Amino acid sequence: MTTTQEMTLRTEPFVVNFGPVHPSTHGVYRMRATLDGEVILDIEPVFGYLHRGIEKLAEERTYTGFIPLTDRLDYLASMSNNLGYCIAVEKLAGIKVPERAEHIRVIMAELQRIASHSIAVGAFVNDCGAYFTPFLYLFREREKVLDLFDMVCGQRLTYNYMRIGGVSQDIPPEFLPALEKYVNHMTPFLNEFEFFLKQNEILLARAKGVGILPNQAAIDCGISGPVARASGVNWDLRKADPYSIYNRFEFDIPTGEAGDCYDRYRVRVEEMKQSLRIIGQAMKNIPDGPVRADVPHIIRAPRGEAYGHIEAPKGELGFYLVSDDSIAPYRCHIRPCSLINLTALREMVRGWKVADLIIIFGSIDITMGEVDR
Amino acid sequence: MTVALPAGEIAGKLETKFPGCFEEGGKDNLLVKADSLLDVAAFLKDQPDLKFDYLNYVTAVDYYAYFEIVYQLTSLEHNRSIVFRTRAYGRDNPTMPSVTGLWRGADFQEREIFDLFGVAFTGHPNLKRIFLWEGFQGHPLRKDWNG
């Protein structure tokens with residue numbers, strides 16, 4: 001005979017391991033989650049599965065020779081990595097970039113933002129349950145950006161396009177017409193995409209109010225990029241500390257209020273629209289001229305240090321370089337926005353359920369190549 | 001444009017507030033003594049006219065004689081930045097107070113320095129290797145490390 005007393009369920013916390021090979025972790029990320037039933041009590045992130053010692057490798061390469069390795073940091077935004085590194089070296093060595101190259105760089109960086117956000121948004125709504133349909137529409141549009149990159153440098157993922165003092169080669173004559181076609185096509189596409197998802201019951205139910213990151217916590221944890229802006233931190237390095245020629249363009253910085261998953265999604269879609277605005281202005285004003293400053297093949301930077309940072313698609317990407325007057329950096333530290341943006345994940349997921357953990361993690365948008373380096 | 005706060009402007013203020021907080025000759029590049037680090041850092045963060053509330057990065061450089069720990073802060077409100085540094089001496093067991101109590105963003109970054117340089121941060125809530133596995137011998141970003 002069993003009594004009702006004996007029938008009640010006895011629960012105790014138990015540990016579930018997510019990753020490192022798990023589709024929801026978008027790479028080789030691993031979390032040890034402590035659960036009470038379905039509710040998350042705590043998580044512990046485990047890193048290092050993609051650690052290649054890129055900062056150490058930089059010390060054994062010339063300044064130019066390190067550029068291909070930056071492609072392998074955030075491999076969904078290689079152009080931005082190239083740009084961030086080149087800006088840091090140019091700051092260290094005092095190199096001025098020609099006008100035409102600056103315009104090309106801005107166009108590439110903003111196209112890259114669109115490509116990166118396409119994956120971020122696509123994967124996020126995929127996690128929410130809109131299984132693969134919106135994701136593949138965005139993937140199709142990202143493909144067109146990759147075609148444009150292919151046109152300028154022959155690569156689709158690891159571009160190695162930018163050089164210290166400019167870019168490796170001029171854009172081909174057919175590039176600007178193709179770019180214009182792309183911009184004209186992408187603006188209505190984004191509006192349509194947004195229209196379909198804005199009122200989507202499932203997306204709203206799963207993302208609104210979920211995984212809130214308060215404004216103050218975002219600043220404390222050093223969060224940057226769309227994640228911080230979704231929490232109301234009005235901070236974008238393109239406006240706050242303009243690098244390259246960003247001070248010449250008109251664009252807005254979209255911010256959120258609630259700091260939930262839905263705001264992070266919305267900020268990214270808005271940013272893609274703003275990127276199109278910037279590209280439109282840059283391609284209209286692109287001047288003729290050289291695309292690379294007159295710098296030697298092997299650069300010897302004067303003794304000193306420099307920190308160059310850019311607003312990469314995922315946040316503040318910075319390179320801290322120390323030179324000892326040789327042909328290779330004495331130290332090259334990479335400020336990884338993906339890693340630092342994960343600092344707040346623990347407090348964002350506590351108390352939510354396992355299914356929400358996947359969404360909250362997805363809404364931060366990280367690339368393991370940059371987390372582990 | 002983020003304006004870098006000149007060292008000369010802030011060094012005098014810090015010297016009066018915390019006498020002897022700088023290493024010898026360290027006023028020009030804000031080289032703070034390790035035992036004054038937390039006082040100086042808290043001052044930079046909390047003073048309303050400074051308000052350096054955002055930690056851009058913390059990293060280390062190995063100069064053989066010492067490890068230099070570099071901090072860059074930004075005040076989002078005043079749009080100003082500052083770089084200050086401190087030194088951890090010794091190669092066997094260098095230590096440094098942790099700033100995670102002031103900027104939580106230092107959490108993973110200090111673990112990274114511990115992992116790759118072997119500088120231990122006292123007061124860090126969860127100080128263990130971050131990228132390499134437990135039991136790994138040595139610290140690869142040290143200049144004398146031989147893989």
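The buried residues of helix H7 of chain A pack against helix H5 (99-128), helix H6 (133-153), helix H8 (201-207) and helix H12 (261-284) of chain A. The model is predicted: local features need pLDDT of at least 70, side-chain atom pairs count only at pLDDT 80 or more, and totals for chains, interfaces and linings use all residues. Residues are numbered from 1 along each chain as its sequence is written, while chains are lettered from A and ligands numbered from 1 in the order in which they are written.

Helices (H or I, at least four residues) and strands (E, at least two) are DSSP runs, numbered from the N terminus. Helix H7(A) covers residues 175-198. Its 24 residues reach 33 Å from the first C-alpha to the last, close to the 34 Å expected at 1.5 Å a residue, the expected span being 1.5 Å times one less than the number of residues. Leu179(A), Met186(A), Phe193(A) and Leu197(A) are buried in H7(A), that is, 20 or more other C-beta atoms lie within 10 Å of their own, with C-beta atoms placed from the backbone. Contact requires such C-beta atoms to lie within 7 Å.

Chain A also holds an open sheet of three strands, ordered E1-E2-E3 with antiparallel pairing. Because E1(A) and E3(A) stand at the edges, each with a single partner strand, one side of each is left without a neighbour in the sheet. Strands pair if DSSP finds at least two bridges between them; five join E1(A) to E2(A), and Phe18(A) has Met31(A) as its bridge partner in E2(A).

| E1(A) | 14-18 |
| E2(A) | 30-36 |
| E3(A) | 39-46 |

Notes:
Buried ≥ 20, exposed ≤ 12 C-beta atoms within 10 Å, placed from the backbone. Contact = placed C-beta atoms within 7 Å.
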